[in-house]
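My notebook is open and I have a structure to look through. I'll jot down what I look up as I go.

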Amino acid sequence: MDVLAFVVPVVIVIGTVAFMEVFAWWVHKYIMHGEMGWGWHKSHHEPHDPGFEKNDLYTVIFGVFAIGLFFVGSFVWPPLWWVAVGITVYGVLYFVAHDGLVHQRWPFKYIPRKGYLKRLYQAHRLHHAVDGKDGCVSFGFIYAPPVDELVKELDKSKRPHDRASRGDDGGMTAGR
Ligand SMILES: [Zn+2]
Ligand SMILES: [Zn+2]
């Protein structure tokens with residue numbers, strides 16, 4: 001078997017997932033929390049009934065883009081098919097980590113008590129600890145900076161925030 005035929009797709013998929021995390025961080029920080037994108041993203045930072053948020057439209061856009069790439073990859077340039085696989089894998093990781101683990105949009109309760117998943121969980125609770133679009137921290141979805149660093153950053157920004165988000169309750173008393 002041709003080794004390259006296996007290695008190239010794997011490298012493309014892993015590279016795309018890594019790129020997507022950086023890209024999503026950038027979009028989240030500068031578009032979604034900026035003048036342009038806050039209109040949709042606001043729905044994710046406000047308390048509301050269970051169900052869809054306007055913010056989910058961002059996921060739809062990424063999904064449609066990936067589907068388009070699957071087509072272009074199938075008919076025009078095969079490497080793009082693997083890029084589309086990478087975007088899809090990232091979408092699944094985003095869904096599990098952000099929608100599932102942090103926001104509990106799945107039908108069971110699981111709060112990580114240790115390790116990296118706990119750090120990821122707490123970091124995103126801290127993202128939601130400040131009201132409004134300004135002064136937020138931790139914009140990534142599968143990479144989370146150490147929690148102490150985020151708390152320091154929040155304290156420096158002097159925006160009032162809910163300290164409960166790093167408490168032992170796992171942050172369940174903090175707003176979304
Ligand atoms: Zn946000
Ligand atoms: Zn969130």
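Predicted model: local features only at pLDDT ≥ 70, side-chain atom pairs only at ≥ 80, totals over all residues.

**Entry 1: what counts as a helix**

**Entry 2: the overall picture**

I checked the secondary structure and found six helices and zero strands. Reading from the N terminus, the order is simply α-α-α-α-α-α. Next I looked at burial: of the 176 residues in the protein, 40% are buried. I also looked at contacts with a separation of 6 or more, and 56% of them are between residues 24 or more positions apart.

**Entry 3: the zinc ion (ligand 1)**

Which protein donors does the zinc ion (ligand 1) have? I found His 28, His 33, His 41, His 45 and His 127, each through NE2, lying 2.1 to 2.2 Å from the zinc. Along the chain, I can write their spacing as H-x4-H-x7-H-x3-H-x81-H. His 41 sits in helix H2 (residues 38-45) and His 127 in helix H5, so this pair ties together parts that are 86 residues apart in sequence. I looked up burial for these two, and both His 41 and His 127 are buried.

**Entry 4: a closer look at His 28**

I went back to His 28, which has its place in helix H1 (residues 3-32). Is His 28 buried or exposed? It is buried, because its relative accessible area is 0% and buried means under 20%. Then I listed what His 28 touches, leaving aside neighbours within four places in sequence. The contacts are His 33, His 41, His 45, His 124, His 127, Phe 139 and Phe 141. I followed up on Phe 141: this residue is 113 residues from His 28 along the chain, yet their C-alpha atoms are separated by 9.4 Å.

**Entry 5: the zinc ion (ligand 2)**

Now for the other zinc. The zinc ion (ligand 2) is coordinated by the NE2 atoms of His 44, His 98, His 103, His 124 and His 128, at 2.0 to 2.3 Å. Here the donors follow the spacing H-x53-H-x4-H-x20-H-x3-H. How many Å separate the zinc ion (ligand 2) from the zinc ion (ligand 1)? I noted 5.9 Å.

**Entry 6: H4 against H5**

I turned to how H4 (residues 79-102) meets H5. Their axes come within 10 Å and cross at roughly 75°. The two helices are therefore roughly perpendicular to each other. On the H4 side, I listed Ala 97, His 98, Leu 101 and Val 102. On the H5 side, they meet Leu 117, Leu 120, Tyr 121, His 124 and Arg 125. Sorted by class, this contact has six nonpolar, two polar and one charged residues. I spotted His 98 and His 124 in that contact, and both also coordinate the zinc ion (ligand 2).

Which residues of helix H6 (residues 147-157) are buried? My list reads Val 147, Leu 150, Val 151 and Leu 154. Seen down the axis of H6, the buried residues fall within an arc of 100°, so they line one face of the helix. I reminded myself of the general rule: an α-helix has 3.6 residues a turn, so residues three or four places apart point the same way.

**Entry 7: two loop residues with positive phi**

Last, I looked at backbone angles. Gln 104 is not a glycine, but its phi is positive, near 55°. I found Gln 104 in the loop between H4 and H5. It counts as buried because its relative accessible area is 15%. Ser 138, from my opening entry, is not a glycine either, and has a positive phi of about 60°. At 7% relative accessibility, Ser 138 counts as buried too.

Notes
Residues numbered from 1 in each chain as written. Chains lettered and ligands numbered in written order. Heavy atoms only, no water. Buried < 20%, exposed > 50% of the residue type's maximum accessible area, 1.4 Å probe, protein only. Helix = DSSP H or I, 4+ residues; strand = E, 2+ residues; numbered from the N terminus. Arc of directions from axis to C-beta. Donors = N, O, S within 2.8 Å, 3.2 Å for Na, K, Ca; no water. Axes fitted to C-alpha atoms, helices over the stretch in contact; angles between N-to-C directions. Parallel < 35°, antiparallel > 145°, perpendicular 65-115°, else oblique. Contact = heavy atoms within 4.5 Å. Nonpolar A, V, L, I, M, F, W, Y, C, P; charged D, E, K, R; others polar.
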